[in-house]
Each structure stands twice: as structure tokens, then as C-alpha cells.
Amino acid sequence: MDSLLEDYEEAPAVVVGRKRRRRRRSPATQAALQPLLHLPFLPPQPVSSNEHKLSFKKSKEACLSYIQDALLQKQWKRAAEFLTCYVESLEKDYSREHIGPSEMIWRIGTEILWHHSQSRMKEFSCFMEQMKTLGVKRYLKVCLEHVFHLLCNGQIDEAYQNLSLAESWRFGEQTAIQDKEIKLIQAYRGLLDYCSWSNQKKILLEHGEDGFADLAVEREMHNYFRKAAVNLKEIIKIPGVWDVFVKCYVDLLEFYGEHNEARQVLNEYAYNSKFPANPNAHVYLYQFLKRQGESKKSLISALKILHDIVPSHELMIDFNTMLQKSKKRKKRQMGLEVIFAALDYVGWKENAKAWSCLARQVKQIVISEKHLDWIKQEWNSRKDWWPDFHFSRYLAKRNWQENKSLSHEKALVAGILLGKDCKYFKYVSHQGCKARLKRFRMLKKFVTRHNPVYLRISGPPD
Amino acid sequence: MDEEDTRDFNERCAQCSEVNWGLTDGGRFYCRSCHNVTERAREVVNTDFITNSRVQTISKGLKKQEKNDGGCEWYICEGFQLVLKKQVEALEALGVCPQMKDEILCNFWRCYLQKSKQAYCKRPAGETVKTLSVCESSTDVDSDPERPSLLHLLSLSESEGDLQTDCSFASSVSKVSESTSVYSGSVDGSLYLMKNQKEKLRMTMPMTLSFCYLALLWVREPITLSEFLRFVVEGHIPYMNVFQHFPEKMKLCGLDLKIFCVESWPEYKEVFNKMHELAAFLDLPRFPDITESCFLHPDMLCMKYLMEANLPDELHNWTCRVVKKIGIGEVDFLTLTPGNKSTRKVKYDVLAAAVIVVVLKLLFLLDDHYEWLLSEFAEERNKNNTEGGPYFEFKKWYEVVKHSLDVEQKKLDEEKAKYLWRCEKPLFYSVKNKSKVLKRRQMVVNLQNQFGKLSGSVQRAEKPNPSSFQLSWSEENTDGSCFHGHSLKGVLQEKCGLLTVMNPDYWLCTVKLCNEKLCGHLAHYREVEFPQSYHFVLGLFSFLLRIQPSYIHDEVCMIEHRLFNKKLCKKLKYNTVLRKIKRPKTSSVKPM
């Protein structure tokens with residue numbers, strides 16, 4: 001603040017000086033308003049009173065970097081050793097200074113305790129309790145983290161207790177500030193209620209015949225349902241990625257036959273623009289629609305969006321199959337697009353299913369001799385890299401050795417797209433004929449017959 | 001003012017029947033004749049009493065136990081006195097001569113208190129407020145040198161009773177009235193920091209070390225400043241958290257923390273400069289002579305550092321020649337004469353290290369080329385000829401020393417990072433956050449216990465005994481890692497019956513020295529501009545002395561300039577004649 005004042009005091013002085021000089025030289029320019037000269041801020045001068053803190057600070061910074069090195073190398077013991085010294089920085093300045101290192105200690109300590117071979121869950125909980133008192137500003141975050149670790153350790157009941165405790169935490173305005181965290185805590189409690197519900201359901205289904213037990217179990221189950229549903233419903237109203245909550249909530253709703261609400265929830269989750277783009281939202285919607293036996297049209301529209309977000313998604317096979325079967329030309333063309341796009345990704349490179357989808361559709365088009373332009377269109381952007389990416393001699397060899405049917409499908413595609421002389425096709429058909437496999441002979445015949453197609457595909461645009 | 005305030009109070013004293021009243025700092029009347037304090041308090045608070053906040057009061061001879069937290073009244077200088085006492089006791093335990101405490105340091109301290117007008121003096125001249133009997137009591141002390149006040153305190157062990165202060169202490173210190181005082185546990189903590197004591201040398205924690213070293217220097221103890229500071233860092237001499245040794249009744253809080261809590265290690269330059277300021281401030285006479293038989297003489301120190309740096313003993317001959325040639329072994333050069341501004345203050349340890357560096361430069365040039373050439377030559381010779389001592393191989397030496405240095409440096413760095421700064425005694429700025437501080441302290445202890453268990457390392461055992469040597473090389477080791485006995489024959493040649501250096505050239509670290517008084521440095525060290533061998537040697541000594549390489553570099557430049565003074569003058573004149581052709585960074589001259 002001081003430097004600010006100084007700068008402003010100085011600035012006009014400079015300007016005044018200038019004005020006077022100008023006035024003497026040419027009165028005409030005098031009228032021109034001089035812009036105020038604002039001096040930029042100088043970096044803070046090293047003050048000797050600050051220097052005395054440097055050694056403590058430096059030593060703790062060095063300590064921190066040793067901890068980080070040890071963590072990266074998974075030397076938990078060493079990290080613990082240095083953390084023992086680092087915790088002192090909590091006491092930094094005896095009075096007022098803002099506490100910086102407490103979050104660091106929380107995070108690092110958690111990491112060490114989680115990985116260290118000698119640490120026990122009891123100690124971990126003890127540590128967490130201390131961290132909760134250390135910073136009210138992250139109280140609920142620490143609670144959540146604690147719960148996660150309890151869950152990972154299989155201590156479901158303790159986790160539930162902790163969630164309930166955290167939910168009832170009140171600390172002045174801090175409670176309001178950590179509004180989002182409280183929602184999360186409630187949601188996780190809902191999730192655990194869902195788990196209990198699910199267990200009860202299992203019991204109920206197993207002892208379906210035992211009429212007496214049914215009633216009590218059913219009542220209890222319904223109780224869990226109510227508790228879970230309330231909390232889960234709350235969290236998924238807030239824009240965010242809530243896959244696990246949505247899935248559980250939909251499961252609950254479906255079980256009790258509330259399909260409309262489930263559909264609404266899933267639609268909201270998938271299509272509300274306030275929510276971040278989330279492929280799973282569309283997957284869940286698609287799966288739900290499929291379970292409900294919805295029309296092809298709505299299934300396709302769900303997958304269309306998924307295709308736009310993740311062209312390499314595993315559901316693209318289903319999508320392609322559905323589109324191929326469609327009577328509409330446009331849809332069939334889209335199917336071709338979809339399968340080509342999927343095969344652009346390494347993950348699909350050796351997927352026989354995907355290649356057979358492509359082979360089937362290409363074959364269909366070639367036989368019907370209609371819509372060769374579709375292939376051409378797709379091939380245009382790929383012809384300079386697919387041959388090396390998919391159809392090298394090396395891959396031909398490897399595919400032949402590892403998966404005959406994959407190499408069959410790929411050879412068909414290669415033969416159509418690159419002609420009968422291409423390396424992949426030549427190698428595979430040669431090997432196939434040598435092994436006297438009938439389908440490879442057929443393949444050779446088919447490709448040779450339709451060889452001119454490749455010229456049309458790879459030629460200049462019509 | 002007191003006269004005014006007491007004018008209306010005319011009762012006779014119950015004890016001696018006199019009417020001679022003064023006011024205590026609690027606002028009560030006391031008898032100036034018999035020091036009897038009455039129950040009567042002054043009722044009216046007049047306005048100038050408030051505006052003139054610094055009211056002169058007198059403190060009773062005994063400690064006032066007024067504070068409800070069980071603390072007693074104490075003054076900052078008492079705190080420092082305790083610190084000094086602790087430090088000098090530690091030094092005694094390390095084996096310094098027993099007179100140092102009571103005869104040297106104690107006198108320095110008394111002298112300081114007097115010169116800074118904290119005790120043994122009349123009222124400070126600047127004070128407008130007249131005091132009553134205070135002056136008398138302090139002159140009493142002055143006139144009676146046998147009075148065991150301070151000396152008594154220094155040698156008093158805590159078990160003998162409460163810390164006592166006599167009037168002489170408190171009298172000269174004015175108390176800030178409650179309304180304006182900033183919170184502190186001591187009586188004068190706030191005043192101490194506020195006072196603009198330009199003419200007085202204000203006591204600080206690093207200053208306690210200056211005091212100690214000044215006393216060490218006076219008795220010519222065989223310890224260098226760098227070594228002394230290393231002992232401080234290693235915890236052999238109390239410095240960090242020294243307040244934990246304060247008696248229970250001396251409560252530290254508020255501004256006292258700013259004075260007594262240190263959060264950094266003492267810095268060589270600061271302690272060194274303060275020491276000289278102090279010597280001048282105390283008007284000390286010329287110190288005892290540093291002669292050739294003294295540990296601090298460069299010839300002696302060079303021997304020590306040559307051993308520690310694992311360099312051949314033969315080099316000592318050369319360091320002595322350099323020392324003699326430039327006269328830095330003279331008594332007048334070495335002996336500290338306080339207040340003499342014309343002479344440069346000698347940093348004995350840095351000087352000796354720099355002499356060795358210069359000798360290495362004379363013999364090996366350290367230009368990243370010549371030393372390796374010589375090393376190859378020596379290696380060849382050692383291969384073919386096993387008779388006599390081996391020739392000194394720079395390369396081998398570099399490898400051996402570099403390895404140990406890296407190991408030690410790493411150890412040191414880790415230790416620094418692991419240093420625990422806090423002590424058992426919790427400190428808090430104010431009572432308000434006492435519970436918070438205690439809670440936090442408890443949590444830190446808990447966490448330390450928890451992670452200490454996981455760290456697997458046993459809690460560090462007792463600290464190792466202090467040692468003058470950080471690196472040690474023993475000739476008994478047969479692995480050839482000790483170079484003390486190696487010969488320099490490879491780098492010397494005989495000329496007219498004298499051994500001289502084979503190397504005909506020399507490069508100067510700088511052509512022109514800076515003005516130390518204006519710029520703060522003699523020279524400026526930038527690592528990239530110098531050969532790596534040179535940097536390595538500087539780094540080695542900088543590790544041994546725990547100071548920055550640039551300090552040694554400055555000293556190297558100084559020695560070089562003394563050494564090549566004549567040649568340089570000629571050269572500079574020549575250069576100016578040539579209208580200042582752009583000079584190279586370093587310039588070469590022929591050695592001696």
C-alpha cells in the first residue's frame with residue numbers, strides 16, 4: 001500500500017515539470033492535455049526485517065522438496081522422516097500469519113499413511129481427525145477423503161458414521177461456504193444407503209419363498225430406498241459429473257417402476273447444456289432406452305451424440321450395426337462413416353468385430369455397385385495414412401499369425417480399397433490359399449472380380 | 001513533575017517521619033529517605049501526565065511480582081545478559097580459558113551497558129524528565145566498582161535464587177505507560193524496538209555472537225569466526241531458542257519475540273561487522289598481538305586448511321612465501337585495532353583460505369587446462385616410477401575430494417532441511433492466542449510422533465562432539481585417498497638453486513578492485529565467468545568455512561592485487577596510454 005501512495009505522489013510532480021517546460025517553448029501545445037504518468041510498480045525491496053524469516057522458510061522449503069522427491073520415488077519412510085520435520089511449519093509465525101502448509105501436510109500425510117507398509121487404519125483415522133481440526137476451511141473435504149479411505153478399506157459402517165457426523169457439522173458461516181461439499185457428503189451417504197438397499201434386495205430375491213421374512217426385509221429395504229433417493233436426487237440436480245449417483249438413482253427408480261422419472265433424469269443428465277459434456281450420460285441413456293425397448297430412432301439419436309463426443313466408443317459397433325440395417329440411405333451412409341471413424345483409433349486396430357462390420361458394409365456396397373462414392377468420400381482423407389497404419393506387410397504377417405478371421409476381414413477391405421496388388425491383401429490371400437482355406441479362396445475371387453472398383457475409389461473425384 | 005504531584009501530600013512518613021515523598025510507578029507515594037512505600041496513591045491524573053507518556057519512575061530493588069501470570073518485571077538487557085551467560089558457559093565447556101567469562105566478556109558487557117547508557121551511568125542527557133533519587137542510586141553503583149551487581153549476575157547460577165536486578169539497571173530505563181505500550185513481556189521491549197538508537201549500538205541476537213567472538217579474539221583462543229559460527233549452527237553454543245533457558249518468571253511475549261526469537265542462522269558478515277562496530281563502540285584498546293605462533297596467523301591457519309583440503313604439505317612452504325611477500329603475516333596487519341578506519345579488517349579464516357587458492361593458482365593455474373596437463377604428466381611419472389613419494393595428481397585429488405565433498409554437502413543439506421526450529425517452550429505473541437498456540441504445538445508434537453514412528457530412523461542420538469575438522473584424511477588409509485605426503489616435484493623446477501614454479505603465466509581474477517566501502521565488495525563473483533577448477537576450489541573452502549564463495553573470491557582478488565601490485569600499476573598505465581582498449585575479463589601477468 002505504501003508504494004502505491006508513493007507512486008501517486010510522485011507521478012504528478014513529473015507531469016508538472018513537463019508542462020512548465022512546454023509552456024516556455026510553445027504555448028500552443030499547452031492546451032494539449034498531458035496524460036498522467038503512472039509509474040509502474042517496483043518489485044518489493046528486500047527489507048531486513050523480512051530477511052530474518054528466510055532461513056526458517058528456506059529450510060522448510062528444502063524439506064518440502066525432499067519430501068516430494070521421496071514421494072515420487074515411493075520412499076515412504078524417507079518421506080515420513082522429512083515430514084516429521086516439515087510439520088513444524090504449522091507453527092510458522094507465532095501469531096497471525098496465514099496457515100499455508102496445513103493443506104500440504106494433509107495431502108502428503110495422507111499419501112504417506114496410505115502407502116506406508118507399517119501404517120494402520122487406526123492411525124490413519126487419528127491423523128484425519130487432527131487434520132479436521134487443523135483447517136475448518138476444508139473440514140468437509142478432509143471428511144470426504146477420510147470416508148473414501150475407509151471405504152477402500154472396507155469399513156462401510158465407519159464410513160457411514162463419518163458421513164452422518166460430517167453432515168451435522170455446524171461452524172458458523174463456514175457451513176454455508178462449504179455448501180457444495182455438504183451436498184457431496186449427503187450424496188455419498190445416499191450412495192451407501194443405496195448399497196444397503198441393494199444388499200436387502202439380494203436377500204429378498206434369494207429368500208423369495210420365505211413369506212415371513214419378506215415383510216420386515218421389504219420394509220427395511222423401502223426405508224433405505226427413501227433415504228438414498230432423497231440425497232441422490234439432490235446431487236444430480238447440480239451440474240456436474242455424477243455417473244455413479246445417476247446410475248444408482250436410475251436403478252432405484254427402475255426397480256420401483258418409475259420409468260418416467262428415470263427417463264427424465266437421464267435426459268436431463270445427457271442433454272442439459274449446463275452439465276459438462278459427458279459421454280457416459282449418453283451411454284446410460286442409451287442403455288436405459290434399450291432396456292425399455294424403445295424405438296430404433298431414439299436409440300440412434302442417443303448414440304449419434306455419443307459418436308460426436310467419442311467416435312472411438314465401444315458402442316460404435318452397435319451403432320454401426322443399427323445404421324447398416326436401416327432402410328434410409330442417409331443412415332446407412334452414416335454407418336459407414338461411424339465405422340471408418342472408429343477404426344481411425346489404435347484401440348480398434350485389431351478388433352475383428354469392427355473390421356467385419358466395415359468389411360460387410362463395403363462388400364454390400366461393392367456388390368450393389370451403388371454408393372461407391374460413400375466409400376470414396378471416406379477413403380479420400382485416409383488413403384495417405386491408412387495403408388501404413390493398417391495395411392502394412394508387417395501387420396499382414398502378424399494378423400495372419402494371431403487372428404485368421406481378422407486378417408480375412410482386413411484383407412477384404414484392403415483388396416477393395418487398394419486393389420488386388422496391395423501388400424496386405426497379397427500376403428493374406430497367398431497364405432490363405434496356401435493353407436487351402438476356402439473362405440480365403442472366395443475372398444481372392446471376390447476381390448479380383450471387383451478390382452476395377454478400387455480405381456474408381458482412389459481416382460479423382462467424379 | 002513528581003515534585004508537583006507530591007507537593008500536596010504532606011503527611012509524615014510512618015517510618016522515619018520525614019516529608020520527602022516520591023511517586024512509584026504504581027502511582028503510590030514512597031518516602032525518598034527511607035524508601036518506605038505507603039498505601040496512599042495519587043488520585044488526580046492530570047493531563048500532561050497522559051500526553052507525556054514517558055514518565056520517569058523508579059523500580060524497587062526487588063522484583064515486582066505484580067503480574068498475575070506469575071511473571072516478574074525484567075528488562076531486555078537482562079535477557080541478553082542471560083543469553084551471553086549461556087553462550088560463554090558453553091564456550092567454557094568447550095575449553096576456552098576460564099578467565100574469558102568473568103574477566104573479558106563480563107567487562108565488555110559492563111562497558112557496553114555503560115556506553116549505551118543502560119547502566120552504570122547518569123541519566124541520559126536527552127531526557128527532559130528529572131528523576132528523583134535514581135541518579136544517586138546509579139552513581140552509587142558507579143562509585144563502587146566492587147559492587148557485585150553484574151559480575152555477580154553473570155556468575156550466579158539460577159538455582160541460587162531469582163534473577164535480581166538492582167536499581168542501576170532499572171533506573172536508567174524509562175517505562176512506557178500502559179496506555180501507549182505495545183504488548184511485551186519485558187518492561188522495555190516495545191521501547192527497545194521503537195527507540196531510534198543510532199548513536200547507541202542496539203543489542204540483537206547476532207550481536208551476542210559478536211560479543212563472544214570479540215572476547216575469544218581478545219584471549220586469542222584458537223578458533224576462527226567461521227568455526228565459531230559452525231559450532232553455533234551445530235548446537236554446541238546456545239543461540240537458537242536460547243530463551244528456553246530463561247527463568248520461569250521471565251515471560252516472553254509480544255515484542256520480546258521479535259528480539260529474542262531468531263529464525264535464521266547467524267551470518268558471517270553480519271557478526272563480523274557488528275563485532276568491529278562493537279569494538280569501536282566500546283573504545284577498546286589495541287587487541288593482543290597476533291604473532292606467528294598464534295592460531296589465527298595465516299601460516300598456522302593455512303596449515304590447518306591444507307590438511308583439511310587434503311592438499312600436499314609441501315604447499316605450506318608456498319603459502320608462507322606468499323604471506324611473507326605481501327606482508328599479511330605482519331603483526332600490525334593482523335592485530336585488531338578498534339576504531340582504526342585506515343586498516344582493513346582481517347577475516348583470518350577467509351584470508352588463509354584465499355592464500356591457499358592463490359598458491360594453487362600460481363602452481364596449477366586453475367584455468368581448466370593447465371592443471372589437467374600437469375596431472376597427466378604426474379600420472380605418467382607415477383606409473384613408471386614408484387620410488388619416493390608419489391607426484392601430486394590434480395585429477396586424482398579432484399576426484400577424491402569432490403566425492404567426499406558431495407557426500408558431506410548432501411548430508412549437510414539434508415540436515416539443514418531436517419533441522420527442528422522449535423523448542424519445548426511454547427511462545428505466543430499475546431495471551432489471547434496462547435491456547436491456540438499451545439493447541440497447535442500439541443498437534444505438531446502428535447504429528448511428529450506419528451510420522452517419526454513411520455520414518456524408521458531412530459531419533460538422532462546425542463549430537464557429535466564438536467570438531468575443528470569437517471573433512472579428515474588419514475595417511476594410514478592405504479587406499480591412496482590422502483595427498484598430504486604427495487610431492488610437488490612435477491610442477492616445480494630448479495632455477496639457480498631455487499625451486500620455482502614451472503608455470504610461467506598467471507591470470508588475475510579481476511583487473512580492478514571495487515571500493516569496498518562504497519560497493520560492499522572488493523570484487524564480484526559470477527560463477528560462469530570463471531574456470532570450473534577455480535570454482536571447485538572456492539566451493540571446497542566455502543564448504544569448509546560455511547560462507548559464500550564470493551567472500552573468498554574477494555579475498556583472493558585482494559591478495560592478487562597485493563602480490564602483483566607493481567606489475568599491475570605498470571600495466572594499467574600502459575593501458576591508459578593505449579586509450580583504453582577493451583580489456584579482457586581476466587588479464588594475465590607473469591608470476592613473481
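Buried area is the accessible area, taken with a 1.4 Å probe, that two parts lose on being put together, summed over both. The exercises below concern a predicted model.

**Exercise 1. The interface of chain A and chain B**

Find how much area chain B and chain A bury between them, and what share of it lies on carbon and sulfur atoms.

Solution. 
- The size of an interface is often given as the accessible area lost when the parts come together.
- For chain B and chain A that area is about 3500 Å².
- Carbon and sulfur atoms carry 59% of it.
- The residues in contact number 41 on chain A and 34 on chain B.

**Exercise 2. Polar links across the interface**

State how many salt bridges and how many residue pairs in polar contact are counted between chain B and chain A.

Solution. 
- Two salt bridges are counted between chain B and chain A.
- In a salt bridge, E81(A) meets K418(B) through their side chains, with 2.5 Å from N to O. The cut-off is 4 Å, so this distance qualifies.

**Exercise 3. The side of chain B that touches chain A**

Which helix gives the most to this side of chain B, and how is the side made up by class?

Solution. 
- Helices α18 (394-418) and α19 (434-455) of chain B each supply at least two residues to the side that touches chain A.
- Of the elements of chain B, α19(B) gives the most, with 15 residues.
- By class, this side of chain B has 15 nonpolar, eleven charged and eight polar residues.

**Exercise 4. An aromatic pair in chain A**

Classify the ring pair of W385(A) and F389(A), and decide whether each residue is buried, partly exposed or exposed.

Solution. 
- Over all chains, 55 aromatic pairs are counted.
- The ring centres of W385(A) and F389(A) are 5.2 Å apart and the planes stand at 50°, so the pair is tilted.
- Buried means under 20% relative accessible area and exposed means over 50%.
- F389(A), at 17%, is therefore buried.
- W385(A), at 32%, is partly exposed.
- Both belong to a cluster linked by ring pairs, whose members also include F340(A), W355(A), W379(A) and Y424(A).

**Exercise 5. Chain A as a whole**

How many helices and strands does chain A have, and what percentage of its residues count as buried?

Solution. 
- Chain A has 24 helices and zero strands.
- Of its 462 residues, 45% count as buried.
- Among the contacts in chain A between residues at least 6 apart in sequence, 61% join residues at least 24 apart.

Definitions and conventions
Residues are numbered from 1 along each chain as its sequence is written. Chains are lettered from A and ligands numbered from 1 in the order in which they are written. This is a predicted model: local features need pLDDT of at least 70, side-chain atom pairs count only at pLDDT 80 or more; totals for chains, interfaces and linings use all residues. Side-chain values use heavy atoms; hydrogens and water are left out. Contact means heavy atoms within 4.5 Å. A polar contact is a pair of N or O atoms within 3.5 Å; within protein, one must be able to donate a hydrogen and the other to accept it, and residues adjacent in sequence count only if both atoms are side-chain atoms. Helices (H or I, at least four residues) and strands (E, at least two) are DSSP runs, numbered from the N terminus. Ala, Val, Leu, Ile, Met, Phe, Trp, Tyr, Cys and Pro count as nonpolar, Asp, Glu, Lys and Arg as charged, and the others, Gly among them, as polar. Rings of Phe, Tyr and Trp (its six-membered ring) pair if their centres lie within 6.5 Å; planes under 30 degrees apart count as stacked, over 60 as edge-to-face and the rest as tilted. Buried means under 20% relative accessible area, exposed over 50%, partly exposed in between (1.4 Å probe, protein chains only).
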